[in-house]
Amino acid sequence: MKKLFTSLLSVSALSLALAGCGSADQAQQPEGNAAGEAPKGAPAKLVISTWGFSEDFFRKEVYEPFEKEHNVEIVLEIGNNAERLNKIRQGNSSVDLIYLSDYYAQQGIDDGLFETIDRSRIPNLNEVYDIAKAPLGEEYGPAYTIGQFGIAYNPNLIQSEIKSWKDLWSADLTGKLTLPNITSTTGPMILDAASQVAGSATFNEDQAFAKMKEINSGVVKYYDKTSEYVNMFSQEEIAVGPIMEMYFKDIQAAVPEAKFVSPEEGGYAVMNTVNIVKGSKNKQLAEDFINYQLSKEVQEKAAKAKVDSPVNTTLTLTEEEAKGITYGEDTISKLRKLDMKAVNEQSKAWIDRWNREIIQ
């Protein structure tokens with residue numbers, strides 16, 4: 001049975017998290033400090049808007065070291081993408097730094113909610129993948145983690161091997177397939193994949209929707225939440241469907257034989273970004289925090305803990321350490337990236353058309 005939800009997902013998923021630290025400049029040091037001395041006096045306060053997952057990890061491995069070095073108290077505002085962005089829009093928040101998926105960060109940029117950043121204060125940008133340096137423009141924050149949207153399947157329940165996006169259109173998968181809802185973060189990605197399968201070199205809306213109509217009858221459910229996908233997969237209500245790689249460990253815990261595939265045309269980049277909120281009184285301190293989050297030290301901690309896929313190119317992970325995360329130049333270079341500005345501009349029209357033509 002197909003069901004359409006109207007709420008947008010946060011890409012939290014992807015379980016994506018924060019990390020940061022750097023050297024606060026003299027402007028943030030309490031009055032009377034000489035250069036090079038340990039900070040003294042009452043700590044400054046840095047307010048960070050983020051998701052609530054893996055908070056114990058971040059408190060111990062990321063926030064506490066930064067707090068000690070810079071005499072800073074980090075205060076968190078927790079919630080999903082939409083909730084936290086709306087709070088910034090309303091102008092009743094004291095947030096300095098905000099972590100959002102690229103889909104929502106683009107909305108913040110379009111609404112004029114973020115400060116431009118001084119890239120000269122973030123030298124670790126030189127050590128990250130090109131795709132992560134300025135995903136939404138040079139004036140705004142980087143992606144600190146990149147996940148992959150690919151395909152998971154149960155080889156015990158289907159006859160064919162999955163290698164490509166076009167394989168989802170196989171008749172063998174009828175009644176065994178789930179796809180993301182158009183209203184979810186990854187919904188536009190499956191629409192773009194449909195355009196690819198239809199043979200279009202660039203996105204073609206009409207061809208994409210025509211291709212979605214072909215596959216529609218074989219879809220068990222258009223899922224909104226990753227938990228729905230995992231539950232259906234573990235109960236064998238479905239056998240295949242696109243999902244973010246970061247959640248594959250949950251699937252494999254329930255179905256050890258399950259496989260994850262990076263489609264031969266390329267998976268999709270799912271990026272979480274960090275930006276400085278307009279009007280922040282701690283802009284330079286926030287830039288120092290961003291710089292440290294991109295450092296090898298913090299990126300490596302998060303990767304080995306399976307919290308975030310790294311964007312820093314200088315760290316090296318073993319095969320075991322890299323399991324379950326998106327890692328390595330070969331993988332990252334093949335990822336497809338949607339134009340989030342175009343996605344936001346077309347989102348309402350796509351949802352309306354989806355409701356008329358796909359969900360009936």
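Buried means under 20% relative accessible area, with exposed over 50% and partly exposed in between (1.4 Å probe, protein chains only). Strands are DSSP runs of E, at least two residues, numbered from the N terminus. This is a predicted model: local features need pLDDT of at least 70, side-chain atom pairs count only at pLDDT 80 or more, and totals for chains, interfaces and linings use all residues. Residues are numbered from 1 along each chain as its sequence is written, and side-chain values use heavy atoms, leaving out hydrogens and water.

Stay on residues 268-276. In a regular strand the side chains alternate between the two faces of the sheet. Here 9 of the 9 residues of β9 are buried, so the strand is largely enclosed by the rest of the structure.

Which strands pair with β9? Two strands pair if DSSP finds at least two bridges between them. Select β3, residues 97-101: 5 bridges join β3 to β9, and the two run antiparallel. Leu97 has Ile276 as its bridge partner in β9. Now select β4, residues 143-153: 6 bridges join β4 to β9, again antiparallel. Opposite Ile146 stands Met271 of β9.

Next, the cores. A nonpolar core is a set of buried Ala, Val, Leu, Ile, Met, Phe, Trp, Tyr and Cys residues joined through side-chain atoms within 4.5 Å. The largest has 68 residues; Leu168, Leu179, Met212, Ile251 and Trp354 touch the most other members. A second, separate core has 38 residues, including Ile117, Val128, Ala132 and Ala286.

Now the rings. Rings of Phe, Tyr and Trp (its six-membered ring) pair if their centres lie within 6.5 Å; planes under 30 degrees apart are stacked, over 60 edge-to-face, the rest tilted. The count is 15 aromatic pairs. Select Tyr103 and Tyr104: they are edge-to-face, 5.1 Å centre to centre, with 80 degrees between the planes. Tyr103 is buried at 6% relative accessibility, and Tyr104 at 2%. Move to Tyr223 and Tyr229, also edge-to-face: 5.2 Å and 75 degrees. Tyr223 is buried at 3%, Tyr229 at 0%.

Last stop: select Trp51, Phe53, Phe57, Phe58 and Tyr63, a cluster linked by ring pairs.

Key: Helix = DSSP H or I, 4+ residues; strand = E, 2+ residues; numbered from the N terminus.
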